[in-house]
Amino acid sequence: MTLGEVYFTAAQLRRRVGELGAEIARDYAGRDLLLVVPLKGSIVFAADLSRCVRIPHALDFLQLEPYGRGSGVKLLKDLDADIRGRDVLIVEDVVDTGLTLHYLNRTLRLRAPASFAIATLLDRPYRRLVELPVRYVGFTVPDELFVGYGFDLEQRYRNLPDLHVFHRERGSGRAA
Amino acid sequence: MALETHDFQAFRGTEPPRFANRAELECAKVLDYYGLPWEYEPRTFVLETDENGRVLEAFTPDFYLPEQDLYLEVTVMKQSLVTRKNRKLRKLRARYPEVNAKLFYRRDLERLAERLSLDLDE
């Protein structure tokens, strides 16, 4: 299987993630920031972003059940942390329709955080079906499939340092 | 068309939906799965009338998402064939500027299908 061209190099990703981290550090200075990371696609971005947010903050993880296993979306792994009164920032790999994040927004807000916002590496706003508090965007991207930098194809390629386009005619499967 | 029956939880309409194709059914299932309230073809918009007020052209979007106040039209046509639907949408926006409507293209569905393993085949 052949990957497509590099869309963002590791250096481009590092630079942009650094900018996002600095921005988040400025905005959340003196606050009780908790980065919430949905597994698994966001882990590479979240690990890099967290190290660029140069203020004290905590990390926690959750995982949603894959689509189609039950009658409705639910958490396979819930947060360990109590988020009441804390400033929650969801760290997402990509936002398109927004359906998943809409569920998280609705669910986590019931736990009374002080604030709730979203940081995403990639954004496809033209595909959005629901409005979301997306506050930090790494890159707005076209309607391509991507692998690498946490994005997978059947659980592979997450480890690639660059973000690659994956051409549909060369294969099929789940990707960003 | 014989499509599977489904016990929808987030459906907010009154009449049971009768989907025109598999793609509409799969869309409904996705909206339902994520708990996003939806209605099926709840309103027809008149786009054009003659001098006697007779309706010459109308448009009934497939879905309405009440929480988003958004009408959603699903098209399974190829990108090159959606000109007519795009024209209807432009007319809708011109005549009903307060209405929020969006076309969900075949490629959008294919993206969803890839991510969520949907079956879009008839």
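The model is predicted, so local features need pLDDT of at least 70 and side-chain atom pairs count only at pLDDT 80 or more, while totals for chains, interfaces and linings use all residues. Residues are numbered from 1 along each chain as its sequence is written, chains are lettered from A and ligands numbered from 1 in the order in which they are written, and side-chain values use heavy atoms, with hydrogens and water left out.

I start with the interface. In chain B, 24 residues are in contact with 30 residues of chain A, contact being heavy atoms within 4.5 Å. The two chains bury about 2,400 Å² between them, with 52% of it on carbon and sulfur atoms; buried area is the accessible area (1.4 Å probe) that two parts lose on being put together, summed over both. Across this interface the rule finds 0 salt bridges, where a salt bridge is a side-chain nitrogen of Lys or Arg within 4 Å of a carboxyl oxygen of Asp or Glu.

Which element of chain B gives the most to the side that touches chain A? Helix 3 of chain B does, with 8 residues. Helices (H or I, at least four residues) and strands (E, at least two) are DSSP runs, numbered from the N terminus. That side of chain B divides into 12 nonpolar, 2 polar and 10 charged residues. Here Ala, Val, Leu, Ile, Met, Phe, Trp, Tyr, Cys and Pro count as nonpolar, Asp, Glu, Lys and Arg as charged, and the others, Gly among them, as polar.

Next, the cavity. A cavity is a set of points on a 1 Å grid over the protein atoms alone where a 1.4 Å probe fits but cannot get out, and its lining residues have an atom within 4 Å of a point. The largest cavity has a volume of about 40 Å³, a volume being the space filled by probe spheres set on the points, which are joined across faces, edges and corners. Its lining includes Leu99(A), Leu129(A) and Phe104(B). Helix 1 (residues 22–33) of chain B supplies the largest share of that lining, 3 residues. The lining holds 8 nonpolar residues, no polar and no charged.

Over all chains, the count is 18 salt bridges. In one of them, Arg124(A) pairs with Asp96(A), the closest N and O atoms being 3.2 Å apart. Arg124(A) lies in the loop between strand 6 (115–123) and strand 7 (134–140) of chain A, and Asp96(A) in the loop between strand 5 (87–95) and helix 3 (99–109) of chain A, so the pair ties together parts that are 28 residues apart in sequence.

Last, the backbone. The peptide bond from Leu39(A) to Lys40(A) is cis, with omega near 5 degrees. Gln155(A), a residue other than glycine, has a positive phi near 70 degrees.

Technical notes:
1 Å grid on protein atoms, 1.4 Å probe; cavity = no way out; pocket = protein on both sides within 12 Å on 5 of 7 lines; lining within 4 Å.
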